[in-house]
Amino acid sequence: MGVSVRFIDVALNRPIFSTFTYSLPEELDITPLPGMRVVVPFGKRKEIGYILDVNVTPPSGVEIKEVISLIDERPIIPQDVLKLIRWLAEYYVAPIGEVVSLAVPPLLRELPRQSLKRDFPHVSERLSQFLRSEKVELNEKQKRIAREITSLTTHKVSLIFGVTGSGKTEVYIKIIEEVLDKGKGAILLIPEISLAPQLAGRVMGYFGSVVSVYHSGLSSRERYLEWEKIRGGSSRIVVGTRSAIFSPIAELGVIIVDEEHDYAYKQEDSPRYNARDVAIMRGKIENIPVVLGSATPSLESFTNVKKGKYLYFELKERHLGKAPVVEIVDMRKEVRSTLLNPYLSVTLISAIAKTLEEGKQVILFLNRKGFAKFTICRSCGYISKCPNCSISLTYHKVTARLSCHYCGYHIPPLSTCPSCGGVDIDEVGAGTQMIEDVLASEFPSSRIVRFDRDFARTDKKKSEILGQMKSGEIDILIGTQMVTKGHDFPNVTLVGIILADQLIHFPDFRATERTFQLITQVSGRAGRGFHPGRVIIQTYSPSHISIVSAATGDIDGFVGKELEARRELNYPPYSRLVNIRVSGNVEERVVKAAHKIVSRMKDVCKTGFGEILGPAPAPIRMIRGKIRWQILVKCQSVSQLNKVACFLREELKERSRYGVEISVDVDPISTI
Ligand SMILES: [Zn+2]
Ligand SMILES: [Zn+2]
């Protein structure tokens, strides 16, 4: 059997952009198929490989080695998922073997030592605290949305814009239930498991044992067991983070992506991909509906609605609590009137005092540390921007320049403000630690806890803090992006945004959108219970569109204006970006290599690639001793993007010719 199959193409879990051809032994009792694992010789070692193609013509002039053994009796990766993987590797310019590995639990990526016992303990017990026989009641609007989506019989993307507390979860549950009744399965993607236990818990509570929760916080063994349950068909619903999109669910009926705008869907290490976009592609391949839900949908998704590509549904009534009252504090005036410190206004301090007196809780939000500082005119709020790219300039100490990290434009640091002539130009930016210290002296008897990646490093620590917050053991929670996610703390009545400018002036073209989303999301944390909520936004730019729109809840107005700005500057969704990062120990070589890539790209792609910005130094110029530069390519269409991707894949196969590290990020979320 199988004697006609002579050569196969195999992907290895290495940062390599090619597959390898191996020959098959004459006698095999199993027919090799794509999606099976094999053991192959690689150099002097044995490695696990994944069969991608059978019956291939071997390349000439190369010694072809023979496969050592076949591991699986049947493919462990479904054919549709293999298709998805191939697309991902090409589109995102990612090493094929690393991409295939995403679809396989870590335990199966290693050479088998002993056979794994196939027992299924209840690995999801950690969420059992939420288990209860849940009843889901839908109002007419929710029912209509669920009905329209479940009546789709082919691939179609639907966007559900539902404000915080409007009941998206009930709609998801209803859709999944209908799909299950038709004998099909479902994937529900969530951005981060520890920050969304309610949603996972409710789905498990409703559907019980047919749910698998799959995320990187599980141990290797737990992941393997959940994956086997999914593959074996005893789990029909997968709730999970990014890599859950590759779950081997047979007869998939729907994919739901909750909080579709969330940047956690983007994997920032190789292989880089956006799980939301991969979800849409899987829906296309399997010809099934995909549902995107968010209280602050991305501009990309709104644009697809406008183009008529997506169906659109709104859930605007908040049936859980009332919308909070939002106040904007103008820090240009406040700073002079407070003696406390430049980061806490009198308004915010007295609001905190009042909230604590009433026995209620406070959440304070700060932008993530690491890139929080920027130079601003304290009198008028002026900040230097690149005239070409319209993003904030970054101060580089080494060169003593303010530079644009998109195009490389630079100026000397300002001594007087070009806008108001003032000289009070200063570097501002506060960290959670600093705010905690100030508050501790101001409110010595209150219980203050920091919630950021330094302090709450593990999932366990995160859950612990969230639990304490829920039970009222914490009075003031100071946090970064992590506090904006969908927690439900009924006793929180005050949310303070310490310095919105840290968001607005983040050197990225998405800074305005991000500010709007974060303020809207964090505001949604106030007044979730029966008590009215209050939100205080401190800023030097009180009339900035992101602040004003978020404060008034005017998402339509915001989307319209921000899309106009994007169109003017030709940023996504009007173009597609590719960020090519070049890094190495010697700056001269890094710069030389970056220029070489640019000139080769011009040679190879001629004119069909769009516009090249840079090379320019990255805002974080050095990480772990490596100097970092980047080249940003603005493509006008997917076909231009594919052309650039194709060029880069070929270049990366011959990376050694550059003598530096090169990484490619397609549709980048972060370019610092
Ligand atoms: Zn620029
Ligand atoms: Zn000024």
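Why does the arrangement of the four donor atoms around the zinc ion (ligand 1) count as tetrahedral? I looked this up in what is a predicted model, and found that the four donor atoms subtend angles of 106 to 113 degrees, which makes the arrangement tetrahedral. For orientation I noted that the ideal angle for four tetrahedral donors is 109.5 degrees.

I then listed the donors of the zinc ion (ligand 1), which are the SG atoms of Cys386, Cys389, Cys404 and Cys407, at 2.3 Å. Along the chain these donors follow the spacing C-x2-C-x14-C-x2-C. Cysteine 386 sits in the loop between strand S18 (374-377) and strand S19 (394-396), while cysteine 407 sits in the loop between strand S20 (401-403) and strand S21 (410-411), so that the pair links distant parts of the chain, 21 residues apart. I checked accessibility as well: cysteine 386 counts as buried because its relative accessibility is 3%, whereas cysteine 407, with a relative accessible area of 22%, is partly exposed.

Next I turned to the zinc ion (ligand 2), which is coordinated through SG by Cys377, Cys380, Cys417 and Cys420, at 2.2 to 2.3 Å. Its four donor atoms show angles of 104 to 113 degrees, and the site is tetrahedral. Here I read the sequence spacing of the donor residues as C-x2-C-x36-C-x2-C. Cysteine 377 lies in strand S18 and cysteine 420 in the loop between S21 and strand S22 (425-428), so this pair ties together parts that are 43 residues apart in sequence. For cysteine 377 I found a relative accessible area of 1%, which means that this residue is buried, while cysteine 420 is partly exposed at 39%.

Terms used. Residues numbered from 1 in each chain as written. Chains lettered and ligands numbered in written order. Predicted model: local features only at pLDDT ≥ 70, side-chain atom pairs only at ≥ 80, totals over all residues. Heavy atoms only, no water. Donors = N, O, S within 2.8 Å, 3.2 Å for Na, K, Ca; no water. Tetrahedral: all angles 85-135°; square planar, octahedral: opposite > 155°, others 65-115°. Helix = DSSP H or I, 4+ residues; strand = E, 2+ residues; numbered from the N terminus. Buried < 20%, exposed > 50% of the residue type's maximum accessible area, 1.4 Å probe, protein only.
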